[in-house]
Amino acid sequence: MSFPTTVKAIAIDKTGDIDVLEVKDLPFPKPAPGDVLIKVAYGGVNFIDTYYRKGLYPIKSFPQILGMEASGTVVGLPTDASVLANDEYKKRALQVGSKVAVILPGVHAEYIAVPWAKVFPVPANVSLLTAAAATLQGLTAVTFVEEAYRVKPGDFVLVHTVAGGFGLLLAQLAKKAGATVIGTTSTPEKAAIAKEHGADHVILYTKENVVERVLELTGGEGVHVVYDGVGKDTFLDNFKLVRRKGTLVSVGNASGPVDPIAPLKLVEKNLALLRPTMANYIYTPEEARYYGEKLFGYISRGELKITIHKQYPFSTEGAREAQTDLTTKGGNTVGKLVYKIGDD
């Protein structure tokens with residue numbers, strides 16, 4: 001199989017505002033012996049893309065290809081004999097032509113070379129579009145309801161910005177685990193969609209006092225766990241609406257990084273505070289396979305709905321529009337934003 005010498009990729013030459021984003025021609029990737037070469041079909045758009053673009057997370061060199069999530073078709077397999085003999089590699093049953101999803105920095109390009117343990121086989125009845133929309137947020141949601149805080153029957157769970165792609169997944173998984181799900185969002189239209197995805201109560205933070213409403217819904221006790229992807233704007237109020245021995249899971253910085261707090265702030269209610277990353281829950285090949293099979297099993301069986309807000313063209317304008325739509329506070333996005341990068 002012959003390949004081009006260059007690929008188009010969404011990349012930046014420096015950190016900054018939305019105008020640093022552009023689609024560039026860059027050299028074709030050079031696979032390491034343990035890599036899988038993939039022709040990309042779709043790229044999932046995530047807040048972490050904006051964090052790298054703004055310089056919140058470090059970048060070693062430029063140009064830097066953006067994107068943490070993609071799906072596509074295998075066009076080249078590892079050549080390392082030790083990889084080919086590895087039991088975990090064999091369990092993935094990868095072949096040229098296999099449908100796969102990946103999580104790794106720098107994957108919004110026409111072709112990518114990815115270490116085999118970061119490659120997730122996609123079931124035959126799950127489309128590459130769905131896979132690109134589901135993998136990063138889906139694995140984050142699945143790991144966070146199992147390990148960051150194990151959601152149990154009878155729990156009260158609060159999900160901030162519940163109508164986003166990640167929030168809708170958390171709502172479904174928490175409901176599946178037997179919890180009462182409370183969400184926050186900005187409009188009645190978004191609230192209706194959240195309820196279709198498992199939310200029992202949805203608070204309009206634009207019109208209601210979130211702390212008062214949560215305490216009312218929980219009989220003054222507060223929730224067992226808060227999943228907060230908003231960050232700075234909501235963080236401190238979480239301490240008022242979580243119950244004694246409750247858990248705060250800080251999962252993102254959509255409104256900016258949270259301010260530092262003293263550990264003594266946790267004493268009043270004996271709270272647990274986590275700022276986990278999904279990468280540390282799928283760190284080993286065994287963990288990655290376990291959670292990948294769990295996520296795509298849910299999707300394949302129709303137990304987890306993946307909502308896609310919009311597909312964006314693979315262009316400079318498309319890249320800028322997608323990140324602008326994603327980060328507009330109180331915007332109209334519901335579900336996942338996806339780039340159409342190549343052929344299915």
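Author: A salt bridge, as the term is used here, is a side-chain nitrogen of Lys or Arg within 4 Å of a carboxyl oxygen of Asp or Glu. The model above is a predicted one, and with that cut-off the structure holds 19 salt bridges.

Reader: Why can such side chains pair at all, and which residues form the salt bridge that involves Asp25?

Author: In general, side chains of opposite charge can pair when their charged atoms come close. In this structure, the side chain of Asp25 meets that of Lys8 in a salt bridge, with an N to O distance of 3.1 Å. Because Asp25 lies in strand β2 (residues 22–27) and Lys8 in strand β1 (residues 6–12), the pair ties together parts that are 17 residues apart in sequence. Lys8 itself is partly exposed, its relative accessible area being 37%.

Reader: Is Glu146 buried or exposed?

Author: A residue is called buried here when its relative accessible area is under 20%. Glu146 has a relative accessible area of 15%, and therefore counts as buried, whereas Lys294, at 24%, is partly exposed.

Reader: Where in the chain do Lys232 and Asp259 lie?

Author: Lys232 and Asp259 form a salt bridge in which the closest N and O atoms are 3.1 Å apart. Lys232 lies in the loop between β12 (223–228) and α8 (235–241), and Asp259 in the loop between β13 (242–250) and β14 (272–274), so the pair ties together parts that are 27 residues apart in sequence. Both ends are partly exposed: Lys232 has a relative accessibility of 41%, and Asp259 one of 45%.

Reader: Which residues are linked in a network of salt bridges?

Author: Glu88, Lys91, Arg92, Arg289 and Glu293 are linked in such a network.

Reader: Turning to the domains, how should I read the area buried between domain 1 and domain 2?

Author: The size of an interface is often given as the accessible area lost when the parts come together. The domain assignment of this protein gives domain 1 (6–134 + 307–340) and domain 2 (149–275), and their C-alpha centres lie 29 Å apart. The area buried between domain 1 and domain 2 is about 910 Å², with carbon and sulfur atoms giving 56% of that area. On the side of domain 1 that touches domain 2, the residues divide into five nonpolar, six polar and two charged.

Reader: How many residues are in contact across the two domains, and how many salt bridges are counted between them?

Author: 13 residues of domain 1 are in contact with 15 residues of domain 2. The count of salt bridges between the two domains is zero, while one residue pair is in polar contact, with both residues at pLDDT 80 or more.

Definitions and conventions. Residues numbered from 1 in each chain as written. Predicted model: local features only at pLDDT ≥ 70, side-chain atom pairs only at ≥ 80, totals over all residues. Heavy atoms only, no water. Domains from an automatic or database assignment. Contact = heavy atoms within 4.5 Å. Buried area = accessible area lost by both parts, 1.4 Å probe. Polar contact = N/O pair within 3.5 Å; in protein donor to acceptor, adjacent residues only side chain to side chain. Nonpolar A, V, L, I, M, F, W, Y, C, P; charged D, E, K, R; others polar. Helix = DSSP H or I, 4+ residues; strand = E, 2+ residues; numbered from the N terminus. Buried < 20%, exposed > 50% of the residue type's maximum accessible area, 1.4 Å probe, protein only.
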